[in-house]
Amino acid sequence: MKESYLKIFFLLSLCLNAHGNQNDHAKNMTMSKELFGNEIKTLFDSQCLKCHGGDKTKSSFDLSSRQGLIAGGDQGIAVIPGNAKESPLINYLRHSEEPFMPPKEDKMQESSIKLIEKWIDLGAAYDLSLIHISEPTRPERIGDGGVGV
């Protein structure tokens with residue numbers, strides 16, 4: 001009987017721990033998305049997207065979307081969401097590992113790199129893609145009162 005209580009207690013604690021981790025993940029992703037919208041988006045737009053965004057993606061590394069960020073490029077994976085310490089992008093930005101980013105220029109300010117580290121540690125969430133491609137418009141059907149398809 002005592003073993004049954006211990007098993008139930010163990011299973012209950014596992015469930016509560018898993019639920020807590022899900023809450024932490026959701027909270028981290030929300031904070032990451034806010035940090036992206038408030039800081040990271042501007043950094044990427046001003047310092048990274050001219051070479052790593054949209055149609056122009058040097059080394060096949062596209063920062064214009066989270067999917068491109070996670071996929072990495074010719075150098076392999078650049079970012080490990082939740083783990084900035086193991087994400088090569090941070091070393092590239094600090095010029096402690098090649099390829100230095102940005103190349104042939106001074107490294108990004110340390111305060112900016114720390115923001116990117118925090119964003120990666122929180123999950124590297126995007127609020128929107130950084131390159132907006134407009135959807136093609138569909139023509140209106142004749143005879144439906146002007147309501148589009």
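Student: Why is Ala124 called buried?
Tutor: In this predicted model, Ala124 has a relative accessibility of 0%. Buried means under 20%, so Ala124 counts as buried.

Student: And what makes the phi of Ala124 worth a remark?
Tutor: Phi of Ala124 is about 55 degrees, a positive value, although Ala124 is not a glycine. You will find Ala124 in the segment after α4.

Student: Why is Ser59 called partly exposed?
Tutor: The relative accessible area of Ser59 is 37%. Buried ends under 20% and exposed begins over 50%, with partly exposed in between, so Ser59 is partly exposed. Ser59 also has a positive phi, near 55 degrees, and is a residue other than glycine. Its place is the loop between β2 (56-57) and α2 (66-71).

Student: How do you know that Trp119 touches Ala124?
Tutor: Contact means heavy atoms within 4.5 Å, and Ala124 is among the residues that Trp119 touches, not counting residues up to four places away in sequence. Others in that list include Phe36, Ile40, Phe44, Leu69 and Tyr126.

Student: Which residues have the most contacts inside the largest nonpolar core?
Tutor: They are Ile40, Phe44, Leu63, Leu69, Ile116, Trp119 and Tyr126, in a core of 26 residues. The elements giving two or more residues to this core are α1 (2-47), α3 (88-94) and α4 (110-121). α1 gives the most, with five residues.

Student: What makes up the lining of the largest pocket, by class?
Tutor: There are 15 nonpolar, six polar and four charged residues in the lining. The space in this pocket is about 370 Å³. Of the 25 lining residues, the closest to the pocket centre are His52, Phe61, Met101, Pro102 and Pro103. Two or more lining residues come from each of α1 and α3, and α3 has the largest share, three residues.

Student: Met101 and Pro102 are side by side in that list. What kind of peptide bond runs from Met101 to Pro102?
Tutor: That bond is cis, with omega near -5 degrees. Pro102 lies in the loop between α3 and α4.

Student: Where is Pro99, and what is its bond with Glu98 like?
Tutor: Pro99 is in the loop between α3 and α4. A cis peptide bond joins Glu98 and Pro99, with omega about 5 degrees.

How values were computed:
Residues are numbered from 1 along each chain as its sequence is written. This is a predicted model: local features need pLDDT of at least 70, side-chain atom pairs count only at pLDDT 80 or more; totals for chains, interfaces and linings use all residues. Side-chain values use heavy atoms; hydrogens and water are left out. A nonpolar core is a set of buried Ala, Val, Leu, Ile, Met, Phe, Trp, Tyr and Cys residues joined through side-chain atoms within 4.5 Å. Buried means under 20% relative accessible area, exposed over 50%, partly exposed in between (1.4 Å probe, protein chains only). Helices (H or I, at least four residues) and strands (E, at least two) are DSSP runs, numbered from the N terminus. On a 1 Å grid over the protein atoms alone, a cavity is a set of points where a 1.4 Å probe fits but cannot get out, and a pocket is an open set with protein on both sides within 12 Å along at least five of seven lines; lining residues have an atom within 4 Å of a point. Grid points are joined across faces, edges and corners, and a volume is the space filled by probe spheres set on the points. Ala, Val, Leu, Ile, Met, Phe, Trp, Tyr, Cys and Pro count as nonpolar, Asp, Glu, Lys and Arg as charged, and the others, Gly among them, as polar.
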